[in-house]
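Have the structure open while you read.

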Amino acid sequence: MSVAHGVKTLGVVGAGQMGLGIAYVAALKAQIPSVMLCDASAGQLSKGVAFFETLLKKDVAKGKVSQSDADAARARLVTVEKLEDFAGSKGIADMVIEAATENLAVKQKIFGTLASTLPLETILATNTSSISVSKIAASAVGAGVKPGSEEAWKSPARALGIHFFNPVPVMPLVELIPAIQTAPEVVDRSRAFAQACGKEVTTSKDVPGFVSNRLLMPFINEAVMALEKGIASRDDIDKTLRLGMNHPMGPLTLADFIGLDTCLSIMETLYRETADSKYRPAVLLGRMVDAGWFGKKSGKGFYDYPAK
Ligand code: 3HC
């Protein structure tokens, strides 16, 4: 029996690459009637909306989307200034997906505010790439809720990880990560939602890196170590994986694409939370992040990206 996701109003926190991509597939593919996009920075919010419009234009030009479907998707996108607006005059969100910066304290604050504002039925999802979802879920308790009360136990049960991949409109996967607190029906509704967004779904336990980054990041880290040790040149490392294994991007190009700061932070989480030396981050990766070489987004990483 198929489960209805029941999402008529979606809130998305963060109008960066990931948040914007999530808003895009939700408005265009899942046709969620109202997709509310929120960002702490007004500049980022308008940049996000402009990118949403560019993506629609490109899809229309390629003949992948009709002009009327594009117009309908644009009309579904609403911008809001603060998290409290997810339960305001523009509607009450049935689901919120947080795609803010990869920082536990920031995410805990967001989940606390969302739990204080939204009804218990609203699903609260994080797009974290490696932070403990159970820890984030534990912060999904409204201000003033008495510790140990029924609501304090119930509220985190509506939280889980919904992990999209970059670029969201292109990558066909969503990884679901139930926290240890998550209610089964929240997982079922989230799966239905991801499928409505046109995605295939896998499920991972809430372990450091989940399945995706537990496998991907040590692979990227090993490529950085190979470069550091002079085993091969940057270009030959990438070429080996592109042509020998048919990867669309070599691991160093992919690291630049994801962001070297993100790769380092995920490796640090794996290393810290498992205390297993096989996850130690490459020294070169740390030094590049120290230097502000974050990859494509900063203009420099393993490759150079001149400003257009
Ligand atoms: N947004 C929307 N669409 C995009 C896009 C973006 N940012 N970037 C590329 N595309 C689209 C293009 O428009 C094009 O669409 P079309 O087929 O309809 O013409 C299609 O993607 C292919 O793009 P290009 O022809 O420009 O370039 P490539 O063929 O080289 O593909 C790529 C680009 C899809 C990014 C491909 O190189 C790829 O799949 N790379 C690997 C990406 C990957 O592994 N992502 C996962 C990262 S890990 C992650 O996100 C998890 C996190 O927790 C770290």
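This is a predicted model: local features need pLDDT of at least 70, side-chain atom pairs count only at pLDDT 80 or more; totals for chains, interfaces and linings use all residues.

Residues are numbered from 1 along each chain as its sequence is written, and side-chain values use heavy atoms, with hydrogens and water left out.

## Two domains

The protein splits into domain 1 (9–203) and domain 2 (213–297), with bounds that come from an automatic or database domain assignment. Their centres, taken over C-alpha atoms, sit 28 Å apart.

How many residues of each domain are in contact with the other? It's 6 residues of domain 1 with 6 residues of domain 2, where contact means heavy atoms within 4.5 Å. The two domains bury about 550 Å² between them, with carbon and sulfur atoms giving 46% of that. Buried area here is the accessible area (1.4 Å probe) that two parts lose on being put together, summed over both. On the domain 1 side, Ser-129, Ser-130 and Asn-166 supply 59% of the area buried against domain 2, more than any other three residues.

As for specific interactions, there are 0 salt bridges between domain 1 and domain 2. There is 1 residue pair in polar contact, both at pLDDT 80 or more. A polar contact is a pair of N or O atoms within 3.5 Å; within protein, one must be able to donate a hydrogen and the other to accept it, and residues adjacent in sequence count only if both atoms are side-chain atoms. The side of domain 1 that touches domain 2 has 1 nonpolar, 4 polar and 1 charged residue. For that tally, Ala, Val, Leu, Ile, Met, Phe, Trp, Tyr, Cys and Pro count as nonpolar, Asp, Glu, Lys and Arg as charged, and the others, Gly among them, as polar.

## A buried methionine and an exposed glutamate

Met-288 belongs to helix α12 (residues 283–290). Helices (H or I, at least four residues) and strands (E, at least two) are DSSP runs, numbered from the N terminus. Is Met-288 buried or exposed? It's buried, because its relative accessible area is 6%; buried means under 20%, exposed over 50%, and partly exposed in between (1.4 Å probe, protein chains only). Leaving aside residues up to four places away in sequence, Met-288 touches Leu-260, Trp-293, Gly-301 and Phe-302.

Glu-121 sits in the loop between α4 (104–117) and β7 (123–126). Glu-121 is exposed, with a relative accessible area of 59%. Not counting residues up to four places away in sequence, Glu-121 touches Asp-94 and Arg-189.

## Salt bridges

Side chains of opposite charge can pair when their charged atoms come close. A search of the whole structure turns up 10 salt bridges, each being a side-chain nitrogen of Lys or Arg within 4 Å of a carboxyl oxygen of Asp or Glu. Here are some of them:

| Salt bridge | N to O distance |
|---|---|
| Arg-74 and Glu-53 | 2.7 Å |
| Asp-188 and Arg-191 | 3.2 Å |
| Asp-235 and Arg-234 | 2.8 Å |

Arg-74 is partly exposed at 28% relative accessible area, and Glu-53 is partly exposed at 34%.

Asp-188 and Arg-191 both lie in helix α7 (residues 184–196), 3 residues apart, which is about one turn of the helix. Asp-188 is partly exposed at 31%, as is Arg-191 at 27%.

There's also a network of salt bridges linking Glu-98, Glu-102 and Lys-107.

Most residues other than glycine have a negative phi, and most peptide bonds are trans. Yet a cis peptide bond joins Asn-166 and Pro-167, with omega about 0 degrees. Pro-167 lies in the loop between β8 (159–164) and β9 (173–178).

Gln-31 isn't a glycine but has a positive phi of about 50 degrees. Gln-31 is in the loop between α1 (17–28) and β2 (34–38), and is partly exposed at 46% relative accessible area. Ala-275 also has a positive phi, near 55 degrees. Ala-275 sits in the loop between α11 (260–274) and α12, and counts as exposed at 69% relative accessibility.
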